[in-house]
Amino acid sequence: MYSLKAAVTGMNTLPNAGGMVAQLNWMKISLKDGYPYVFVTSVVAPMIGALVASLVAIAMY
């Protein structure tokens with residue numbers, strides 16, 4: 001279950017997500033400047049977490 005939650009966490013931070021664009025606008029950061037950091041913390045990290053959780057689940061099964 002955790003791996004599924006971790007895998008879908010990044011879907012709400014895609015470039016067309018209104019919340020992410022609004023947050024960057026509120027902090028006065030352009031999408032071009034802020035998106036690499038958002039990508040790493042919202043897409044790469046959950047994918048790594050999902051991979052680790054899947055490997056642990058496979059090892060325990």
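The chain exposes about 4800 Å², with 73% of that supplied by carbon and sulfur atoms; areas come from the Shrake-Rupley method with a 1.4 Å probe, and for residues only the protein chains shown count as cover.

A word on what you're looking at: this is a predicted model, in which local features need pLDDT of at least 70 and side-chain atom pairs count only at pLDDT 80 or more, while totals for chains, interfaces and linings use all residues. Residues are numbered from 1 along each chain as its sequence is written, and side-chain values use heavy atoms, with hydrogens and water left out.

Now colour by pLDDT, the predictor's confidence in each residue, from 0 to 100. The chain averages 79, and 74% of its residues reach 70 or more. Confidence is lowest in helix α1 (residues 2-8), at a mean of 55, and highest in α3, at 87. Where pLDDT is low, the predicted coordinates should not be read in detail.

Switch to secondary structure. You'll find three helices and zero strands, running α-α-α from the N terminus on. Helices (H or I, at least four residues) and strands (E, at least two) are DSSP runs, numbered from the N terminus.

Zoom in on Leu 24, which lies in helix α2 and counts as buried because its relative accessibility is 5%. Draw a C-alpha to C-alpha line from Leu 24 to Val 38: they are 14 residues apart in sequence and 9.7 Å apart in space.

Which aromatic residues pair up? A search of the whole structure finds one aromatic pair: Tyr 35 and Phe 39, tilted, at 6.4 Å centre to centre and 40 degrees between the planes. Rings of Phe, Tyr and Trp (its six-membered ring) pair if their centres lie within 6.5 Å; planes under 30 degrees apart count as stacked, over 60 as edge-to-face and the rest as tilted. Tyr 35 and Phe 39 are about one helical turn apart because they sit four residues apart in helix α3. Tyr 35 is buried at 18% relative accessible area, whereas Phe 39 is partly exposed at 37%.

Hop to Lys 28, in the loop between α2 and α3. Phi of Lys 28 is near 60 degrees, a positive value in a residue other than glycine. With a relative accessible area of 75%, Lys 28 is exposed.

Last stop: Met 60, in helix α3 (residues 31-60), which counts as exposed at 70% relative accessibility.

Terms used
Buried means under 20% relative accessible area, exposed over 50%, partly exposed in between (1.4 Å probe, protein chains only).
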